[in-house]
Amino acid sequence: MNWTNGCFFILFYKLLRNGQKPKTLERTKGETGRTQIHRTKKRKNMGSEKQGFIWLSGLLFLNILALSTAEVLYYEFFLQESQFTKLCSTKSILTVNGSFPGPEIRVRRGDTVFVNVHNQGNHAVSLKWEGVKDSIDGSNELIQPGRNFTYEIELEDEIGTLWWHATSAWAAATVHGAFVILPAANEDYPFPAPTSDQTIILGEWFREELTEANQTIAPGSADAYTINGHPGETYGCSNDTTYEMQVDYEGLYLVRVINAIANETMVFGVASHSFTIVGQSGAYSRRSFTNSLTLAPAQVVDVLLCANQNVGHYYITARPSSGAHITNGILRYTTTSSLI
């Protein structure tokens, strides 16, 4: 663990201010939810059993309270062909609402979400909702061109970051997006509240147009990799755009990293910065510290990033573990200096 320039003390102070002991940095919601009752001597353990009952009753009350504040939200998705220029060439790709990546769904724990998908494209497509626990009617049925279908997604205890994508490999390369689940209105994060949160989707780009003939995509076949749809400056095309994330000095950021690349394990990092892992694939996780993330295909990791370095610009990098190609973005402090 390498906490420098006061980042550790920011977390320490916030924990104390919230009445938490510092050791909770090493605990997860899952851990505190396991109540162990030893019955070797019943009389001595009556107090702990009573405490456990009170704790479980409180947890049940909080869950009921969270569900009582749940909302019903509606999204409209339009599958359509759109023209995009990358790597100095233009081609038509299938998109949702004309964007690449697609729109982000942002809800709270326990909400119900209706997503009405209108297929205005030329091919039959269906969507998959990665990490949603409840079964979704119609998720295996194709939406034919000119038709629409409404997915009903009832969230349970999922929390953090999930994502959605087309079921077929060729369409999923451009039809995908984040599914962010915030704590319920009366809930807090089990870690210091971030200054803000940012979603980062790692994608891939092909010069050729992908069609139904591309049922599978071989590892390493992409012509470029992207961060939120931006190839960066490493592919030799001066017109390519570069993803940029702005931060305030000593701000604490919840970064949601999604590997939307088929059949590629990706390595993600930010120069001179480290991460605290706090969640994976729709659930909180044990806190751990790392300088970079290695994400399997379809994996999602939520991390805390503390902007605790000298004010300046720092490279964000994403590359496949095989080493072919690399894409970059920029982490920009609000007061600028030299690129590092």
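Leaving aside its neighbours within four places in sequence, which residues is Trp-129 in contact with? Let's start there, with contact meaning heavy atoms within 4.5 Å. Trp-129 touches Phe-77, Ile-105, Val-115, Ile-136, Tyr-151, Ile-153, Trp-163, Trp-164 and Phe-179.

A quick word on the model, everyone. It is predicted, so to speak of local features we need pLDDT of at least 70, and side-chain atom pairs count only at pLDDT 80 or more, while totals for chains, interfaces and linings use all residues. Residues are numbered from 1 along each chain as its sequence is written, and side-chain values use heavy atoms, with hydrogens and water left out.

Now the overall picture. The protein has four helices and 19 strands; these are DSSP runs numbered from the N terminus, helices being H or I of at least four residues and strands E of at least two. Of its 340 residues, 47% count as buried, that is, under 20% relative accessible area with a 1.4 Å probe and protein chains only; exposed is over 50%, and partly exposed is in between. Among contacts between residues at least 6 apart in sequence, 70% join residues at least 24 apart.

Back to our tryptophan. Trp-129 is among the residues with the most contacts inside the largest nonpolar core, along with Phe-77, Ile-105, Phe-179 and Phe-268. That core has 69 residues, and a nonpolar core here is a set of buried Ala, Val, Leu, Ile, Met, Phe, Trp, Tyr and Cys residues joined through side-chain atoms within 4.5 Å. Strand E1, residues 72-86, gives the most to it, with five residues. A second, separate core of eight residues includes Trp-163, Ala-178, Val-180 and Leu-182.

On to the sheets. Four strands make an open sheet with mixed pairing, in the order E3-E8-E7-E5; two strands pair if DSSP finds at least two bridges between them. At its edges are E3 (105-108) and E5 (127-130), each pairing on one side only. E3 runs parallel to E8 (residues 176-182), joined by four bridges, and Ile-105 has Phe-179 as its bridge partner in E8.

There is also an open sheet of six strands, again with mixed pairing, ordered E10-E9-E12-E17-E14-E15. Its edge strands, E10 (224-227) and E15 (284-290), have a single partner strand each, so one side of each is left without a neighbour in the sheet. E14 and E15 run antiparallel, with four bridges between them; Phe-275 finds its bridge partner, Thr-290, in E15.

How many cavities of 30 Å³ or more does a search of the whole structure find? Three. A cavity is a set of points on a 1 Å grid over the protein atoms alone where a 1.4 Å probe fits but cannot get out, and lining residues have an atom within 4 Å of a point. The largest holds about 50 Å³, and its lining includes Gly-160, Ile-181, Tyr-189, Arg-256, Tyr-284 and Asp-302. Strands E12 (252-259) and E14 (275-280) each supply at least two residues of that lining.

Note on methods:
1 Å grid on protein atoms, 1.4 Å probe; cavity = no way out; pocket = protein on both sides within 12 Å on 5 of 7 lines; lining within 4 Å. Points joined across faces, edges and corners; volume = space filled by probe spheres on them.
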